[in-house]
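Please have the model open beside you as you go.

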2 protein chains.
Amino acid sequence: MANKPASRTITVAAAQLGPNQKSASRESILERMLKLMDEAASKRVQLIAYPELALTTFFPIHYMTDEDEIAGYFEPASAKDPYAVLSSPHAKTLVDKANHLGIDFYVGFAERWTGDDGSMTDFNTCIYYSVAARNGVGKYRKVHLPGRTEPLPDPKAFQQLEKKYFTPGDLGFQAFRAPGLIQGALKAEDVEPGIESQGKGDPILGMLICNDRRWPEAWRPYGLQGVELVIEGYNTTAWAPQHDGTPEEQQDLAEFHHRLSCQAGSYQNALWSINVAKCGVENDQGLIGCSLIIDPFGRIVAESTTMGDELIVATIDLQMCQAQRNRVFNFEKHRRPEHYDIILNQVGLREIPLLSSSL
Amino acid sequence: MANKPASRTITVAAAQLGPNQKSASRESILERMLKLMDEAASKRVQLIAYPELALTTFFPIHYMTDEDEIAGYFEPASAKDPYAVLSSPHAKTLVDKANHLGIDFYVGFAERWTGDDGSMTDFNTCIYYSVAARNGVGKYRKVHLPGRTEPLPDPKAFQQLEKKYFTPGDLGFQAFRAPGLIQGALKAEDVEPGIESQGKGDPILGMLICNDRRWPEAWRPYGLQGVELVIEGYNTTAWAPQHDGTPEEQQDLAEFHHRLSCQAGSYQNALWSINVAKCGVENDQGLIGCSLIIDPFGRIVAESTTMGDELIVATIDLQMCQAQRNRVFNFEKHRRPEHYDIILNQVGLREIPLLSSSL
């Protein structure tokens, strides 16, 4: 039956990672990632997501000046080989296993890009590897880098130096399709004028990294491009000595803000999301867990329960996005960009003028 | 001490209203509103918020064709008297009591605007009345109108016809200052070059109505203008026969989406919000309650517990907005509008192109 709509149901997993200590070798980290992929295969998972900077420790919270030490955390890439990481010893075993098991994956890593002129730029990056394409089919570079360019002077302070080690992402929010994930997807050559193709092609995915999830400006571009699933990896500090509250109070608040941001992003754009943590106590610094798979109504359908390596799995129907897109979040009918100018035309907060005392 | 910073603590209330049946007179509705204002005064409230379309039944869910019947729900306004409603018999007693008790208020109503050329335009509007100014100091017209312009053909279907009865708001999202709410606010004439005035003037407020709260594009303009408190009134359908799930399931989901939207909007813009319902069973249609006062960290600090007339009160420190504005949501440091183009330049969802079968 040529007209029978293809099922848009896929099985996905968040591969939460426990801490990667500074002392951990790349090989030992990869071994844990491969083990989680084997477990995923046993559960018929088709797409597995690993966290932000999965291949190393979360180095941006350490102040380093030794360029060789810093370089050791990065993977090379260039226009000639934008997905070079996939053939590096640090990820090749992952690719081989993915091909063998038929599982696509998302993974975050630090990317050192060499331009045509030999210049180098460092990004906090993630890629999507497609088994059907035998290559990466999507790359995203973190736009909303948190933290500072220079360390805080207090030697006891917790440091967050992503703005020192990385350049803000320059690729924007590019949705992409993942071939082969579902059977019977409508292809470009199948479509004749007048045929409605929305929600019938290869799944449309988008990617975010960590702090991006707090910014509605990062989710909306994906919603507008028809993304059905956002994948987002994170390393989120549970507490810092210079912030208010006990470590427990701070961690509760950090987890609350994480859930709130991911659930709002999914709901307001009527899409699924996989949100996956690197967590636990890494080099004496606590990172939150709470890996989540969230439906297009913003409801959590799977959540991690540990602070270590853990696979959470859900079978998700991408078709569910359509219900909200036809009603509450029918963008065409309800959005009013003529009133959104300030979102683009002003970067920072600018208070409106003070009143005079005559009022 | 001229340099002692003024306390930015104020006491605010959400005056949740139970149902306004079609048969209820304006006088009987006003009587209930005045009673809530008296209760507010006894609790030293300085600012009280009434819901969307507080003065009437929630008429946009009824299909009407009689122009006189429709006109009966509207309040007049024009360039000559933009706050005409305040001197109408339908709100004058509210103004008199507000002046007597020293309580500012927010109220929603249907506004029929007569232009200079005699043309009439209808809006779903709210205003902010300032006792210190003895006038309205802010007006907002609902931008994100839900529903349809024409009724659904099924006579048993629940109707939502705001797009029939109202024109989308044409005022955008204009923040304003509320004079007199706090003592010692910095005034325009106090400021010399080089003096940091942020967070030291009269409180900066913004207003939304109902469905607006689901749209991050409606909150962000206020965050960018330094708003410390958003006030939002709503009438939100708990269930409809044509939607999935039992009435109870639908109501649970509607309440969840309401909380999620209001908490995310407050958190992501580091501001307080008052969200106030008209609720209960009105003309056989269930409306959700859950009036909320939310802090700049997205936490609920007060919530209604009934489905009728109820006052919830909180003493809030506007200074709390600054902590998040200096850190996670320091817009100047972290926002990247160069990647937000699509938010302004595209209205509806447009799926990215299909892949060809060669992939």
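A residue is called buried under 20% relative accessible area, exposed over 50%, and partly exposed in between (1.4 Å probe, protein chains only). The model is predicted, so local features need pLDDT of at least 70 and side-chain atom pairs count only at pLDDT 80 or more, while totals for chains, interfaces and linings use all residues. Residues are numbered from 1 along each chain as its sequence is written, chains are lettered from A and ligands numbered from 1 in the order in which they are written, and side-chain values use heavy atoms, with hydrogens and water left out.

**Exercise 1. Describe the salt bridge between Lys92(A) and Asp96(A) and its setting.**

Step 1: A salt bridge requires a side-chain nitrogen of Lys or Arg within 4 Å of a carboxyl oxygen of Asp or Glu.

Step 2: Helices here (H or I, at least four residues) and strands (E, at least two) are DSSP runs, numbered from the N terminus.

Step 3: Lys92(A) is partly exposed at 40% relative accessibility, and Asp96(A) is partly exposed at 38%.

**Exercise 2. Work out which parts of chain A the pair Lys97(A) and Asp38(A) ties together.**

Step 1: The closest N and O atoms of Lys97(A) and Asp38(A) are 3.0 Å apart, in a salt bridge.

Step 2: Lys97(A) sits in helix 3 (residues 92-101) and Asp38(A) in helix 1 (residues 26-42), so the bridge links parts of chain A that are 59 residues apart in sequence.

Step 3: Lys97(A) is partly exposed, with 21% relative accessibility; Asp38(A) is partly exposed too, at 37%.

**Exercise 3. Characterise the interface between chain B and chain A.**

Step 1: With contact taken as heavy atoms within 4.5 Å, 83 residues from chain B meet 83 residues from chain A.

Step 2: Buried area is the accessible area (1.4 Å probe) that two parts lose on being put together, summed over both. For chain B and chain A this comes to about 7,700 Å², and carbon and sulfur atoms give 64% of that area. On the chain B side, Leu344(B), Leu349(B) and Leu354(B) lose the most area to chain A, together 9% of what that side buries.

Step 3: The two chains share 6 salt bridges. Arg220(A) pairs with Glu217(B) in a salt bridge, with 2.6 Å between the closest N and O atoms.

**Exercise 4. Check the span of helix 6 of chain B and say what follows that helix.**

Step 1: The expected span of a helix is 1.5 Å times one less than its number of residues. For the 23 residues of helix 6 of chain B this gives 33 Å, and the end C-alpha atoms are 33 Å apart, which agrees.

Step 2: Just after helix 6 of chain B, Ala270(B) has a positive phi of about 50°.
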